[in-house]
Amino acid sequence: YNKTLDIGCGIGRNIRFIKYDYYTGTDIDQKIVETCQGQIKSPQINFITQDITKKYCTTFLKKYDLILLIQVLKNALFDQKKIDTALHNIIKMSRGKIIFNTMGNPDIDIIDNVLTSNNVKFKKIYFGLPKIIMKIKIPIVSQIIALSFLPLILIKNNFFSKNNILYICEK
């Protein structure tokens, strides 16, 4: 990807998984951004502080070929209105792929409608075991149950948690 935007980059772990010409990592936490800026020095890598739930930011004027939001929209700081605003901002910045995941209880229909109404094509991949199984705390039993569900993961996504979704989008 020519230009990659990693929203909620944290300490920049995703850098090693992406092929990019230019990488911009953003996070709402100024201290994390300063740490990344001090540790990673490269003309192709930039870190900035940004809140994607705001209506306007100068970063929103740029366009990116790949936008990542991994473990961001599941954050407790995001209510449905903030998710909606964040998605609109991300769509404005995209000229290619958007990859993000949801967890918890976001309104999936609203997310799907925002993407559809903005002509964003998307595929949803469900992940995560049902909550009833996740409550089992006996280590060996938990491992056996997890292994027994592995074939289901490979065969059918719809069995799993309906709110744990990886979205792969194309604009």
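Start by selecting Cys 9: with a relative accessibility of 7%, this cysteine counts as buried, where buried is under 20% relative accessible area, exposed is over 50% and partly exposed is in between (1.4 Å probe, protein chains only). You're looking at a predicted model, in which local features need pLDDT of at least 70 and side-chain atom pairs count only at pLDDT 80 or more, while totals for chains, interfaces and linings use all residues. Residues are numbered from 1 along each chain as its sequence is written, and side-chain values use heavy atoms, with hydrogens and water left out.

Stay with the cysteines for a moment. The structure holds zero disulfides, a disulfide being a pair of cysteine sulfur atoms within 2.5 Å. Cys 9 is in no disulfide, and its nearest cysteine sulfur belongs to Cys 36, 5.0 Å away. Click on Cys 169 too: it is buried, at 1% relative accessibility.

Now colour by confidence. pLDDT is the predictor's confidence in each residue, from 0 to 100, and the protein averages 83, with 80% of the residues scoring at least 70. Helices (H or I, at least four residues) and strands (E, at least two) are DSSP runs, numbered from the N terminus. Where pLDDT is low, the predicted coordinates should not be read in detail.

Next stop: helix H2, residues 80-93. Its 14 residues reach 20 Å from first C-alpha to last, close to the 20 Å expected at 1.5 Å a residue; the expected span is 1.5 Å times one less than the number of residues. Show the side chains and pick out the buried ones, including Ile 83, Leu 87, Ile 90 and Met 93. What do the buried residues of H2 pack against? They pack against S1, strand S4 (64-69), strand S5 (94-102) and helix H3 (108-117), with contact meaning heavy atoms within 4.5 Å.

Time for some rings. Rings of Phe, Tyr and Trp (its six-membered ring) pair if their centres lie within 6.5 Å; planes under 30 degrees apart count as stacked, over 60 as edge-to-face and the rest as tilted. That rule gives four aromatic pairs. One of them joins Tyr 23 and Phe 47 edge-to-face, at 5.9 Å centre to centre with 65° between the planes. This pair links distant parts of the chain, 24 residues apart: Tyr 23 sits in strand S2 (residues 22-27) and Phe 47 in strand S3 (residues 45-49). Tyr 23 is buried at 1%, and Phe 47 is buried at 3%.

Finish with the charged side chains. A salt bridge is a side-chain nitrogen of Lys or Arg within 4 Å of a carboxyl oxygen of Asp or Glu, and the whole structure has four.

- Select Arg 95 and Asp 65, whose side chains meet at 2.9 Å, N to O. Arg 95 is in strand S5 and Asp 65 in strand S4, so the bridge ties together parts 30 residues apart in sequence. Arg 95 is partly exposed at 43%, whereas Asp 65 is buried at 16%.
- Move to Asp 112 and Lys 124, which form a salt bridge at 2.8 Å, N to O. This one links helix H3 and strand S6, with the two residues twelve apart. Asp 112 is buried at 13%, while Lys 124 is partly exposed at 23%.
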